[in-house]
Amino acid sequence: MKKLSPRTRVLTGAVAAAALGAGTFGAVSASATAPAAAPAAAVKADTANRNLTQSTHLTVAAATKAAQASLDAAKKENQRVTVAVVDRNGNTVVTLRGDGAGPQSYESAEKKAYTAVSWNAPTSELAKRLAQAPNLKDIPGTLFLAGGAPVQAKGAPIAGVGVAGAPSGDLDEKFAQAGVAALGK
């Protein structure tokens, strides 16, 4: 092992001491009891600002209500399913896996919900489009099987409900529609 010169050892020690001191100072500063300084400039957000956009999203409570309504509709028909509700951006808000639902149903429900909100159409209708555009099925995260339904506000998609696990996509979609309908009550 090569010996360090006295100059290198002094510089290394100085850097270590400075780093330790900065860390200690930062910790003391972060725990100080003085109030934080006000931001230098506040930006006012108003609807006239062309740099802003508004969007509508379901609350967690509403998403849970839709998912539970779908799960209840399936249970009435003795079907074991999983229900997923995604927001406008395709992010999962809530997923409910019914008792006895198959392991594949979790991911399938999420993908059906994502597909429905992405195209603002029930996935049964989208599955029919594959004849004209078979490459649609290659889009990551999508599943073109019946069982997904969009949630709309003023005609625009704001969420998707996906159901998977019933023996047919028609049943899955029936249960997804029950979840969407529950939001109107």
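Over which residues does pLDDT stay under 50? The stretch is residues 24-32, and the model gives these residues zero contacts beyond four places in sequence, a contact being heavy atoms within 4.5 Å. The pLDDT is the predictor's confidence in each residue, from 0 to 100. Where pLDDT is low, the predicted coordinates should not be read in detail. Across the protein the average pLDDT is 84, and 75% of the residues score at least 70.

This is a predicted model, in which local features need pLDDT of at least 70 and side-chain atom pairs count only at pLDDT 80 or more, while totals for chains, interfaces and linings use all residues. Residues are numbered from 1 along each chain as its sequence is written, and side-chain values use heavy atoms, with hydrogens and water left out.

Helices (H or I, at least four residues) and strands (E, at least two) are DSSP runs, numbered from the N terminus. Four strands make an open sheet in the order β2-β1-β4-β3, with antiparallel pairing; two strands pair if DSSP finds at least two bridges between them. The edges are β2 (92-97) and β3 (148-153), each with a single partner strand, so one side of each has no neighbour in the sheet. On average, neighbouring strands are turned by 15° against each other, direction ignored.

Inside the sheet, β1 (residues 82-87) and β4 (residues 156-164) run antiparallel and are joined by six bridges. Valine 83 has valine 163 in β4 as its bridge partner, and aspartate 87 has alanine 159. Eight of the nine residues of β4 are buried (under 20% relative accessible area; exposed is over 50%, partly exposed in between; 1.4 Å probe, protein chains only), so β4 is largely enclosed by the rest of the structure.

Helix α2 (residues 60-76) lies across β1, β2 and β4, at about 30° to β2. Such angles run from 0 to 180 degrees between N-to-C directions, with axes fitted to C-alpha atoms, for helices over the stretch in contact.

What does the largest nonpolar core contain? It has 23 residues, and those with the most contacts inside it are Leu58, Val81, Val83, Val85, Val151, Val161 and Phe175. A nonpolar core is a set of buried Ala, Val, Leu, Ile, Met, Phe, Trp, Tyr and Cys residues joined through side-chain atoms within 4.5 Å. Two or more residues come from each of α2, β1, β3, β4 and α5 (169-182), and α2 gives the most, with seven. Leaving aside residues up to four places away in sequence, phenylalanine 175 touches Ser70, Ala73, Ala74, Glu77, Gln79, Val81, Val163 and Ala166.

The whole structure has four salt bridges, each a side-chain nitrogen of Lys or Arg within 4 Å of a carboxyl oxygen of Asp or Glu. One of them joins glutamate 77 and lysine 174 (2.6 Å, N to O). Glutamate 77 lies in the loop between α2 and β1 and lysine 174 in helix α5, so the pair ties together parts 97 residues apart in sequence. Glutamate 77 is partly exposed at 32% relative accessible area, and lysine 174 is partly exposed at 45%.

Another salt bridge joins aspartate 172 and lysine 112 (3.0 Å, N to O). Aspartate 172 is in α5 and lysine 112 in helix α3 (residues 105-119), so this pair ties together parts 60 residues apart in sequence. Aspartate 172 is buried at 3%, as is lysine 112 at 4%.
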